[in-house]
Amino acid sequence: MFALVQQISAAMELGTYTTRSEEETIELGKQFAARLKPGDVVALYGDLGAGKTEFVKGICAYFHVSQIVSSPTFTIINRYEGEDAAHHHVTLYHIDLYRIKSPKELEEIGLAECAEEGTAIKLIEWAEKANGTLPKHHYSIHFEFSPEDINTRRIRISYDEEPQVESEEEKILV
Ligand SMILES: Nc1ncnc2c1ncn2[C@@H]1O[C@H](COP(=O)(O)OP(=O)(O)OP(=O)(O)O)[C@@H](O)[C@H]1O
Ligand SMILES: [Mg+2]
């Protein structure tokens with residue numbers, strides 16, 4: 001008897017959305033947040049003003065965070081406390097790597113340790129500056145301005161996955 005296992009490794013596309021106001025981006029963040037669990041990492045990519053922090057505001061609204069959510073550009077890491085739908089306490093780290101200039105600075109802020117923290121949800125703006133310190137499994141959210149209108153954004157959500165069992169067949173050799 002042997003098992004035939006086919007493996008796939010891919011970024012799983014969860015959807016591309018168009019929002020036409022900051023409120024719609026906040027709402028999308030709120031809807032997305034329902035799938036988040038403690039330990040998850042969300043990498044946010046996009047130019048200045050593309051909507052990353054608005055989306056984070058939506059995630060924090062879902063978790064009933066009462067602190068003011070703003071871009072942690074000067075502090076690098078903000079910590080918020082909230083709760084999930086079952087009223088379990090949730091800690092969220094909101095990280096902005098825009099000002100990071102070297103791997104040494106990443107080390108100084110303790111990004112790798114923070115990203116591995118199993119009980120908190122980590123939301124990382126300018127994640128391209130994380131320079132390989134993100135865990136293999138994480139959500140990626142890409143924000144793009146649209147030529148259509150100054151308030152329109154295209155937001156693509158995906159999840160980077162480990163090789164996964166796609167199909168499994170058991171065959172009995174006679
Ligand atoms: N559809 C939209 N979604 C999100 N924000 C929008 C939208 N339309 C207009 N805006 C405006 O764009 C700005 C987005 O700002 P935000 O702080 O979220 O950007 P950011 O990607 O976090 O930038 P930074 O890299 O500077 O932190 C806000 O001023 C918001 O009002
Ligand atoms: Mg921001």
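A: Let's start with Asn131, which touches Pro103 and Leu106, leaving aside residues up to four places away in sequence; touching, or being in contact, means that the C-beta atoms, placed from the backbone, lie within 7 Å. Bear in mind that this is a predicted model, where local features need pLDDT of at least 70, side-chain atom pairs count only at pLDDT 80 or more, and totals for chains, interfaces and linings use all residues. Residues are numbered from 1 along each chain as its sequence is written, while chains are lettered from A and ligands numbered from 1 in the order in which they are written.

Asn131 also has Ser102 to look at: the two are 29 residues apart along the chain, and their C-alpha atoms are separated by 9.0 Å. Asn131 counts as partly exposed because it has 13 C-beta neighbours inside 10 Å (20 or more would be buried, 12 or fewer exposed, with C-beta atoms placed from the backbone).

Where does Asn131 sit? It's in the loop between strand 6 and strand 7 (138–145); strands are DSSP runs of E, at least two residues, numbered from the N terminus.

Now step back to strand 6, residues 120–125. Since 5 of its 6 residues are buried, strand 6 is largely enclosed by the rest of the structure. Strand 6 pairs in the parallel sense with strand 3 (residues 41–45) over 4 bridges, pairing meaning that DSSP finds at least two bridges between the strands. There, Ile124 of strand 6 is the bridge partner of Ala43. Strand 6 also pairs with strand 5 (residues 89–96), again in the parallel sense, over 6 bridges, and here Ala120 of strand 6 partners Thr91.

Definitions and conventions: Two residues are in contact if their C-beta atoms, placed from the backbone, lie within 7 Å.
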